[in-house]
Amino acid sequence: MQIGTHPERWKNLHGPIQKHEADRKARLARVKVCRLDYSGTGSPKTATFDSSKDDPAGKETAAARLDQELKSSVDQSVQLRLYVVEDLSSDVIELLGSGLDIEPSFFRAHIVDYAWYNVRDRWRDPPNLDVMSGQQWWVQLRYVTARYFKSREDFDEAAKEAERFNILRRPDDDISNNSWWDDRNAIVGLTRSRATFWLNRDRKIGEPAIGKRNYALLIVMLTSLAVLLLDPTVDKGDPLWRGRRNWIPTPSPKKPEREWGDLKILEPKKFFDDFIYWAEQPEAFSSTGSIPNTHHIPMQVLLHLVCTEWRTMSDYIKTRLCQIDLEILKPEKFAASRQVDKALDKLNMWRRFIPLYREMVSETLEQVFRFPCNTERFATIDATLNGSTTPHCQGESAQSAVGSQDGTQSLGGRLSPRSRPSSSHENAKLGSIVAYRNDFLLILSYLEEYQKRIDRLTSVVTAAIQIEDSRRALGDARNIGRLTWLATFFIPFSLIATAFCMQPHVTDISDKTVKYYFATALPLAVVTILIAWVLSHLWVQHSWARLLNAFQGKGKKEKKH
């Protein structure tokens, strides 16, 4: 709150240092918020508050306009008002936190994304008990995004751009980019991201009518408020495989081209812009087989986007593991380096990442699908507004109903990630976001299979390294054998040279002496080599071993007598 960014940058921005003052003020006042008002039907009405578009000479800033927005009344036709926030700042936390009465832990959980904490990290958020976290009215989704960079320079610029975010996010090099198929300079960066969703718990949608015993609902037309925190996206690079697919149903070829919709829908955008676009297209999610619910739309769009990122990440992991498999099978053709150790380094990297990814998906299964926006409260209000008097979840909450329908044993409201609903249409009555549970269970099963495959490949690579080491040792032994033969050849020369040098003066050596030296040394060297060659044969060694065994056996018999 004092420096406008995550605590690790305190040493760089704290204090009266003049060169950091402008950066510090910009971080504190950074605002990028989009408001969406959902009525019963149609697309939501939007309003944007962006500090980067403020007029420096103007008096009204984006933060001031957001403050007035939060203090103003809401139209009674609005059923849900959603504030979508990209990045965080001191002003945004202050305005939304005080204006909507949001607990500080909601913002704190979104600031950093560490896989683990150092023992000296003072900004570690203590873990919350499940019995207490079940009472909070916010939920967080953790996911991973893959981004393709054409060069190391683009990757470094993206890392510097990520340092300008107020929250802590950074792209990591997966060190798997040196395969035979890859561009030598290209890099795929992996970024751990978060999306945090808060829902106002104090707004009552419906309550029993006073004086009536049939529990009919008296509709209180109050607006539900929600806040969604999203991560910013770097400008450098492109989404892996050019991003997501088009979720709008394919139009008939008989329709004219002007009715085909937005043809630029597949152009790469930032995650914030993608969410806003699809949140304004609720009809794109009508094919999920779930009951249309105004309060479900934001979470439904978010799950659509996050699940797509996970599916892309799953395909990317499969691609890298298949490449490692081919490098082991045919290293002379597919391996960029003849060193098998490089494949082991790649496997060790994925062996470290995939358990963390499984933890992220498991948390989504445990938290998101028991969140209040998936319970009967919101299904009841929509059903009543549509003329139905029967709530979609009768007599039990969504999490317990999910456990009873798909055979899951519910322990304290927690969902077993290994369970799988029988049909999305059967679970549609529990709320539209339950239809996405199958996809997350499928992703979790993929990650579990990749973990097993990595363990198997690690054993294969380790065996291949041992075989390669054995080949190197065999080559070294052959070289030592050659040196031994060479030394054996020169032993007679050394012996004769020693014999001929036993005289007081070197000048006394005549030409005859040199002739006698070579005439004696060369035949002796040849005889020595022949003897060594004969003794090195296996049949000679076996005969010698049988002879020794025979003498040893004869000696034992004589001792017995």
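Everything here comes from a predicted model, where local features need pLDDT of at least 70 and side-chain atom pairs count only at pLDDT 80 or more, while totals for chains, interfaces and linings use all residues. Residues are numbered from 1 along each chain as its sequence is written, and side-chain values use heavy atoms, with hydrogens and water left out.

**View 1. Lys-270 pairs up with Asp-235.** Asp-235, at 53% relative accessible area, is exposed. The two form a salt bridge with their closest N and O atoms 3.2 Å apart; the term stands for a side-chain nitrogen of Lys or Arg within 4 Å of a carboxyl oxygen of Asp or Glu. Lys-270 sits in the loop between β10 (238–239) and α8 (271–279), and Asp-235 in the loop between β9 (224–230) and β10, so the pair ties together parts 35 residues apart in sequence. Helices (H or I, at least four residues) and strands (E, at least two) are DSSP runs, numbered from the N terminus.

**View 2. Asp-67 and Lys-71 share helix α3.** Here the closest N and O atoms of the salt bridge are 3.4 Å apart. Asp-67 is partly exposed at 26% relative accessibility, whereas Lys-71 is exposed at 67%.

**View 3. Arg-311 reaches Asp-439 in another helix.** Look for a salt bridge whose closest N and O atoms are 3.8 Å apart. Arg-311 belongs to helix α9 (residues 297–329) and Asp-439 to helix α14 (residues 437–500), so this pair links parts that are 128 residues apart in sequence. Both ends are partly exposed: Arg-311 has 32% relative accessibility and Asp-439 has 26%.

**View 4. Five residues join in one salt-bridge network.** Asp-113, Arg-170, Asp-172, Arg-192 and Arg-194 are connected through salt bridges that share partners. Zoom back out, and the structure holds 28 salt bridges.

**View 5. The whole chain, for orientation.** The protein chain has 16 helices and 10 strands, and 42% of its 561 residues count as buried. Take the contacts (heavy atoms within 4.5 Å) between residues at least 6 apart in sequence: 75% of them join residues at least 24 apart.

Conventions
Buried means under 20% relative accessible area, exposed over 50%, partly exposed in between (1.4 Å probe, protein chains only).
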